[in-house]
Amino acid sequence: MLLEFAASPGSLQKSFLKRKQNFIQESVKRVEAIKNKERESEKLEARQLQRGKSEKLRSRRKESHLSGKNGALANKLKKVGEVKVSSPEDRKSAEIEMHQRTSRLYNQLEEVKNRKEEKTRQETYAKNREKAKEFQKKMLDKLRAKRTSKAP
């Protein structure tokens with residue numbers, strides 16, 4: 001890159017503006033090129049995804065056609081344009097199943113298991129303390145009864 005020095009300040013200003021405009025134009029071109037590459041990669045990914053889906057669908061169809069037992073299963077599979085209509089009973093049972101599954105998964109969490117174990121441990125400790133107090137009270141009553149019977 002050659003630097004040109006001009007004698008007048010006006011020409012320096014002009015060259016600065018010219019270089020600034022060139023820089024802006026080049027950066028706009030770079031941004032557009034990047035955006036084009038992103039669009040192309042998105043299109044490619046979409047094509048690959050579509051191919052993967054169609055291949056899976058083809059393999060499912062082949063599997064269902066190959067075996068007679070899976071033929072009934074293939075008929076039960078949802079079709080793309082098929083809409084399922086459910087009755088209120090079905091919705092209610094599905095909701096109940098969903099709640100049961102959620103609570104089961106929640107109870108399987110390690111943190112929840114530890115919390116429950118700690119709670120049962122604390123309850124056991126409290127029961128044992130109560131039993132110890134009752135035992136101590138009975139022993140004191142027996143001891144007092146012995147002292148009162150010996151005193152007369």
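Phe 23, Ile 24 and Val 28 together make up a nonpolar surface patch with about 280 Å² of accessible area. The model is predicted. By the distance rule applied, the structure has three salt bridges.

**Nonpolar patch**

- Ile 24, one of the patch residues, belongs to helix H1, which covers residues 9–66.

**Salt bridge between Glu 111 and Arg 115**

- The closest N and O atoms of Glu 111 and Arg 115 are 3.0 Å apart, and the two residues form a salt bridge.
- Both residues are in helix H4 (residues 110–150), where four residues, about one turn of the helix, separate Glu 111 from Arg 115.
- Glu 111 is exposed at 57% relative accessible area, whereas Arg 115 is partly exposed at 46%.

**Salt bridge between Glu 118 and Arg 121**

- A salt bridge joins the side chains of Glu 118 and Arg 121, with an N to O distance of 2.5 Å.
- Glu 118 and Arg 121 lie three residues apart in helix H4, about one turn of the helix.
- Arg 121 is partly exposed, with 34% relative accessibility, and Glu 118 is partly exposed, with 35%.

**Salt bridge between Asp 141 and Arg 144**

- Asp 141 and Arg 144 form a salt bridge in which the closest N and O atoms are 3.8 Å apart.
- Because Asp 141 and Arg 144 are three residues apart in helix H4, about one helical turn separates them.
- Arg 144 is exposed, at 54% relative accessible area, while Asp 141 is partly exposed, at 41%.

Definitions and conventions. Residues numbered from 1 in each chain as written. Predicted model: local features only at pLDDT ≥ 70, side-chain atom pairs only at ≥ 80, totals over all residues. Heavy atoms only, no water. Patch = residues over 30% accessible without salt bridge, like charges linked within 9 Å, V, L, I, M, F, W, Y side chains within 5 Å. Areas by Shrake-Rupley, 256 points an atom, 1.4 Å probe, with all protein chains shown as cover. Salt bridge = Lys/Arg side-chain N within 4 Å of Asp/Glu carboxyl O. Helix = DSSP H or I, 4+ residues; strand = E, 2+ residues; numbered from the N terminus. Buried < 20%, exposed > 50% of the residue type's maximum accessible area, 1.4 Å probe, protein only.
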